[in-house]
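Let's take a walk through this protein together, with the sequence on one side and the model on the other. Please have both open as you read.

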Amino acid sequence: MRRLQHYVSNLSSDFPASVVVFLVALPLCLGIALGSNAPLFSGIIAGIVGGIVIGIFSGSHLSVSGPAAGLTAIVAAAIAKLPHFEAFLLAVVIAGAFQLALGYLKAGVLGDYVPSSVIKAMLAAIGLILILKQLPHLVGYDADFEGDESFRQPDGENTFTGIFTALNYFMPLAAAIGLVSLGIMVFWEKFLAAKSKFFQLVPAPLIVVLAGVGINAWFLQNMPEYALQSKNLVKIPVAESFQGFLSFFTFPDWKQLTNIQVWASALTLAIVASLETLLNIEAADELDPYQRVTPTNRELKAQGIGNMLSGLLGGLPVTSVIVRTSANVNSGAKSKMSAILHGILLLLCVAFIPKILNLIPLPALAAVLIYTGFKLAKPSIFREFYTKGFDQFAPFLITILAILFTDLLMGIMIGCLAGLFFVMRSNFKSAVFVVNDENRYLFRLRKDVSFLNKPIIKRKLEKVPENAYVLIDATRADFIDKDVIEVIEDFMKHAHLKNINTELKKSLYKEQGFSKYHNQQNIPA
């Protein structure tokens with residue numbers, strides 16, 4: 001009862017946000033289905049299930065699920081490899097079962113090992129991708145499908161060449177609608193919403209869509225030669241009857257259960273979808289103004305249930321999607337009701353008013369996505385990481401570039417490796433501290449001294465000149481690798497040959513593994 005009251009009390013924030021997410025999700029669901037070589041309505045089904053079903057079972061407050069751009073290549077390959085689309089739907093159902101099992105096996109802990117700098121870089125990179133990928137749609141060039149995040153595009157272009165190619169197909173009215181839409185977004189949120197609560201309740205993207213439809217309708221009536229064509233508008237399949245609408249739903253072919261290719265595709269989908277979900281959940285928690293923590297194992301179970309149902313109804317596989325999630329957060333959502341309501345809106349609108357939705361110009365929706373992208377990739381984010389120092393800024397920048405020039409998952413993997421390298425580099429530098437003052441040397445071992453520190457310790461000890469005094473302080477070390485201990489003990493054994501006076505200090509409470517030289521001096525004869 002208390003939870004229901006919580007959702008009701010936040011409805012004034014969650015409903016406007018759900019409208020924004022619905023408008024963002026609509027072209028992405030269709031575009032990802034198109035890019036996956038799947039029936040267009042399969043993307044809509046995945047969006048509905050991702051919103052309603054996963055929204056109900058998920059423990060995330062702000063994450064929104066749906067068909068994911070990161071899966072398009074895998075989905076397209078699986079559809080091409082399997083006998084027919086119904087066999088692919090069976091693979092989606094099995095992938096959901098695998099995810100459910102991963103949730104019970106507590107595999108969600110994997111998401112906790114992604115560095116914060118990599119997660120924030122992922123958000124910034126997605127923001128830049130949204131801006132770059134939507135610029136062609138803003139001027140009326142729609143060769144690349146909506147929602148594509150990969151550097152290399154199916155149309156033979158890449159993220160950057162696609163922008164220049166779009167200039168050859170420049171449509172004045174598309175660009176005008178796009179620029180007007182951007183202007184409305186900025187003016188509405190920066191000025192009107194800041195002054196009146198009424199404007200806060202009315203989402204700016206809804207005004208953008210209405211303005212775009214109105215402008216194009218005027219040109220259709222008065223100057224049809226300049227109006228946008230159907231290819232520049234939303235394209236939702238339209239059913240002439242209830243039976244026709246039901247025909248959009250297809251069902252798995254259970255006879256393909258013995259097909260090994262179905263199981264291989266299911267396993268691939270389950271692994272990639274789970275990884276993408278865990279990454280996006282970490283990002284969603286990072287975006288959450290209240291910094292609430294999502295139970296990742298519960299999320300995997302929710303995703304598994306969602307994928308099983310999506311496959312059963314004829315939908316594409318679903319994951320948590322950062323574009324929808326960031327639009328949800330930026331629109332002021334406070335609870336999971338926003339995600340659920342966006343799924344309900346998607347279902348009702350495609351069922352009852354598809355012809356009206358097909359009047360929405362893609363440049364208007366591109367403007368909404370570009371504005372969302374700017375919020376994710378603000379210059380202040382780059383300045384923040386630059387001021388944190390090289391060890392934080394470098395993996396942040398490497399991750400952004402890797403995602404921009406490959407795809408989301410590959411970029412994250414490269415970013416994690418870069419983050420690991422800089423963590424090791426930082427620990428490597430700070431683990432051993434050496435001070436020299438008039439032939440007196442202090443070797444202080446701090447934190448964790450791994451075998452990677454062995455070469456530098458060995459080299460610096462051997463450079464100590466004759467007749468010197470060396471103090472090796474291990475009292476601040478939490479761990480010292482056996483190889484490092486061996487190097488120190490070997491040095492203390494032969495130090496007297498160079499008339500070097502050595503002293504080893506250890507904590508009385510830690511037996512770091514030194515065999516002989518516990519808090520004693522080695523004074524040469």
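**A guided look around the fold**

Leaving aside residues up to four places away in sequence, Q134 touches I129, E146, A366, L369 and I370; contact here means heavy atoms within 4.5 Å. Q134 is found in helix α6, residues 116-138. Helices (H or I, at least four residues) and strands (E, at least two) are DSSP runs, numbered from the N terminus. Is Q134 buried or exposed? At 3% relative accessibility, Q134 counts as buried, where buried means under 20% relative accessible area, exposed over 50%, and partly exposed in between, with a 1.4 Å probe and protein chains only.

A word on what you are looking at: this is a predicted model, in which local features need pLDDT of at least 70 and side-chain atom pairs count only at pLDDT 80 or more, while totals for chains, interfaces and linings use all residues. Residues are numbered from 1 along each chain as its sequence is written, and side-chain values use heavy atoms, with hydrogens and water left out.

Now step back to the whole protein. The protein has 22 helices and 7 strands, and its C-alpha atoms fill a box of roughly 105 × 55 × 55 Å, taken along the principal axes. Of its 525 residues, 54% count as buried. Among the contacts with a separation of 6 or more, 79% come from residues 24 or more positions apart.

Next, look at a pair of helices. Two packed helices are described by the angle between their axes and the distance between the axes. Helix α14 (residues 322-330) packs with helix α17 (residues 362-376) at an angle of about 80°, their axes being 10 Å apart. The axes are lines fitted to C-alpha atoms, for helices over the stretch in contact, and angles run from 0 to 180 degrees between N-to-C directions. This makes α14 roughly perpendicular to α17; angles under 35 degrees count as roughly parallel, over 145 as roughly antiparallel, 65 to 115 as roughly perpendicular and the rest as oblique. On the α14 side the contact is made by V323, S326, A327 and N330, and on the α17 side by L369, T372, K375 and L376. Sorted by class, this contact has 4 nonpolar, 3 polar and 1 charged residues. In that sorting, Ala, Val, Leu, Ile, Met, Phe, Trp, Tyr, Cys and Pro count as nonpolar, Asp, Glu, Lys and Arg as charged, and the others, Gly among them, as polar.

Let's turn to the aromatic rings. Rings of Phe, Tyr and Trp (its six-membered ring) pair if their centres lie within 6.5 Å; planes under 30 degrees apart count as stacked, over 60 as edge-to-face and the rest as tilted. How many aromatic pairs are there by this rule? The count comes to 21. F41 and F248 form a tilted pair, 4.9 Å centre to centre with 35° between the planes. F41 lies in helix α3 (residues 40-57) and F248 in the loop between α11 (242-246) and α12 (260-287), so this pair ties together parts that are 207 residues apart in sequence. F41 is buried, with a relative accessible area of 3%, whereas F248 is partly exposed at 22%. Another pair, F245 and F249, is edge-to-face, at 5.6 Å centre to centre and 80° between the planes. F245 is buried at 11% relative accessibility, and F249 is buried at 18%. Elsewhere, ring pairs link F382, F385, Y386, F393 and F396 into a cluster.

A charge sits over a ring if NZ of Lys or CZ of Arg is within 6 Å of the ring centre and within 35 degrees of the ring normal. K388 lies over the face of F385, at 4.6 Å from the ring centre. The charged end of K301 sits over the ring of Y104, 4.1 Å from its centre.

Finally, visit two spots in the backbone. Q291 has a positive phi of about 55° although it is not a glycine. This residue lies in the loop between α12 and α13 (296-313), and Q291 is partly exposed, with a relative accessible area of 46%. N467, also not a glycine, has a positive phi near 65°, and its place is in the loop between α21 (454-462) and β5 (469-480).
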